[in-house]
Amino acid sequence: MSNLEETLSIIKPDAIERNLQDQIKSEFNKNGFKILEEKKIHISKGEAEKFYKVHESKPFYNDLCSYLSSGPIVVMKLQRDNAVLENRKLMGATDPRVAEEGTIRKKYGISIDKNSVHGSDSIENAKIELEFFFKD
Ligand code: CMP
């Protein structure tokens with residue numbers, strides 16, 4: 001039985017800066033994801049703080065929010081069977097150094113901060129994060 005889901009993906013500033021946008025989008029297409037909506041935006045630090053609020057207590061929160069607001073990003077609404085889990089698999093581990101071969105973060109990530117993509121980590125967070133960027 002199919003289990004069609006939607007999830008949020010962000011192509012982060014380090015990847016946009018290196019012109020990897022099309023290559024990363026083709027990774028999603030090759031792996032069965034449909035890009036239902038997408039937009040290129042440059043968010044403020046305050047918006048980044050709202051988006052990453054779950055990480056508020058972490059020591060890296062301030063740098064993380066400065067980073068996400070440091071340049072343009074591409075936010076996408078992705079759809080496929082089990083999209084949340086499949087996107088997490090395709091992205092690989094948060095730290096590109098330990099991400100598996102073939103994953104987006106292994107191929108394109110530079111460091112744990114500049115790890116090229118963000119993806120929702122649960123169905124519940126996917127709903128919240130999609131709403132954040134694509135309320136209609
Ligand atoms: P992301 O999936 O966007 O979610 C939060 C981000 O915090 C994560 O990717 C990393 O880029 C960043 N980050 C920085 N330091 C850490 C850390 N020690 N553990 C987890 N995430 C970190």
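1. An oxygen atom of the ligand lies 3.3 Å from an N or O atom in the side chain of Asn115. This distance falls within the 3.5 Å cut-off for a polar contact. The model is a predicted one, and the distances given here are to be read accordingly.

2. For Tyr52 the separation is 2.6 Å, and for His118 it is 2.9 Å. Taken alone, the ligand exposes 460 Å², of which the protein buries 77%.

3. Which residues surround the ligand? Besides Tyr52, Asn115 and His118, the surroundings include Lys12, His55, Phe60, Leu64, Thr94, Arg105, Ile112 and Asp113. The space that the ligand takes is the largest pocket.

4. Helix 2 spans residues 21-30, and its buried residues are Gln21, Ile24, Lys25, Glu27 and Phe28. These residues lie on the same side of helix 2 because they cover an arc of only 145 degrees around the axis. In general, an α-helix has 3.6 residues a turn, so residues three or four places apart point the same way.

5. Which residues are exposed on the other side of helix 2? Asp22 and Lys30 are exposed there. Lys25, by contrast, is among the buried residues of this helix, whereas Lys30 is exposed.

6. The backbone just after helix 2 also deserves a remark. Gly32, which is found there, takes a positive phi of about 85 degrees.

Definitions and conventions:
Residues are numbered from 1 along each chain as its sequence is written. This is a predicted model: local features need pLDDT of at least 70, side-chain atom pairs count only at pLDDT 80 or more; totals for chains, interfaces and linings use all residues. Side-chain values use heavy atoms; hydrogens and water are left out. Buried means under 20% relative accessible area, exposed over 50%, partly exposed in between (1.4 Å probe, protein chains only). Helices (H or I, at least four residues) and strands (E, at least two) are DSSP runs, numbered from the N terminus. The arc is that of the directions from the helix axis to the C-beta atoms. A residue is near a molecule or strand if one of its heavy atoms lies within 4 Å of it. A polar contact is a pair of N or O atoms within 3.5 Å; within protein, one must be able to donate a hydrogen and the other to accept it, and residues adjacent in sequence count only if both atoms are side-chain atoms. Accessible areas come from the Shrake-Rupley method with a 1.4 Å probe; for residues, only the protein chains shown count as cover. On a 1 Å grid over the protein atoms alone, a cavity is a set of points where a 1.4 Å probe fits but cannot get out, and a pocket is an open set with protein on both sides within 12 Å along at least five of seven lines; lining residues have an atom within 4 Å of a point. A molecule sits in a cavity or pocket if more than half of its atoms lie within 2 Å of its grid points.
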